[in-house]
Amino acid sequence: MSKELELYKKFIDGLVEQKESVTARWIMEDGFPKNGDNEEENKLLQELTPKQKRILAKIVQNERIGGMHDALAYMDEMMDLDGLVLQQEGVEYPHDYFESMHFDFIGRCEGDEWPE
């Protein structure tokens, strides 16, 4: 495998590793950090049932992944139209090698293997 492709895969997989929402975890666990800034949020969470918390945490988690997807889609568009280049260690990432960064990200989030 070429160094360019190896770096690209590590980049996408690194984002997949970062997909978990801390906020969703706080919703499901002990709430937001206990300080004056989070009083209202924690009060609301105390009023929710476990099922409502699961639904809210799922919404928040999906929004985090959606935001990452949208940022990658924008970067793909910038690469297509405006000459944006991603490089690491002096090596340029391949562009649209499989599909697109945002497509590859979602596929990897869903557990798909990298194509051959």
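**Around helix H5**

Mentor: In this predicted model, Gly111, which comes just after H5, takes a positive phi of about 90 degrees.

Trainee: And H5 itself, which of its residues are buried?

Mentor: The buried residues of H5 are Met101, Asp104, Phe105, Gly107 and Cys109, and these pack against helix H1 (3–17) and H4.

Trainee: OK, staying with H4, at what angle do H4 and H5 pack, and how far apart are their axes?

Mentor: Helix H4, residues 50–82, packs with helix H5, residues 101–109, at an angle of about 150 degrees, and their axes are 7 Å apart. Angles over 145 degrees count as roughly antiparallel, and H4 and H5 are therefore roughly antiparallel to each other.

Trainee: Which residues make that contact?

Mentor: From H4 the contact is made by Ile65, Met68, His69, Leu72, Ala73, Met75, Asp76 and Met79, while H5 contributes Met101, His102, Phe105 and Ile106. Sorted by class, the contact has 9 nonpolar, 2 polar and 1 charged residues.

Trainee: Switching to the loops, what is the phi of Glu89, and where is Glu89 found?

Mentor: Glu89 has a phi near 55 degrees, which is a positive value in a residue other than glycine, and Glu89 lies in the loop between strand E1 (87–88) and strand E2 (91–92). Most residues other than glycine have a negative phi.

Trainee: Is Glu89 buried or exposed?

Mentor: Glu89 counts as exposed, because its relative accessibility is 56% and the cut-off for exposed is over 50%.

Trainee: What about Asp96, where is it and what is its phi?

Mentor: Asp96 sits in the loop between E2 and H5, also with a positive phi, near 55 degrees, and Asp96 is partly exposed, with a relative accessible area of 37%.

Conventions. Residues are numbered from 1 along each chain as its sequence is written. This is a predicted model: local features need pLDDT of at least 70, side-chain atom pairs count only at pLDDT 80 or more; totals for chains, interfaces and linings use all residues. Side-chain values use heavy atoms; hydrogens and water are left out. Axes are lines fitted to C-alpha atoms, for helices over the stretch in contact, and angles run from 0 to 180 degrees between N-to-C directions. Helices (H or I, at least four residues) and strands (E, at least two) are DSSP runs, numbered from the N terminus. Angles under 35 degrees count as roughly parallel, over 145 as roughly antiparallel, 65 to 115 as roughly perpendicular and the rest as oblique. Contact means heavy atoms within 4.5 Å. Ala, Val, Leu, Ile, Met, Phe, Trp, Tyr, Cys and Pro count as nonpolar, Asp, Glu, Lys and Arg as charged, and the others, Gly among them, as polar. Buried means under 20% relative accessible area, exposed over 50%, partly exposed in between (1.4 Å probe, protein chains only).
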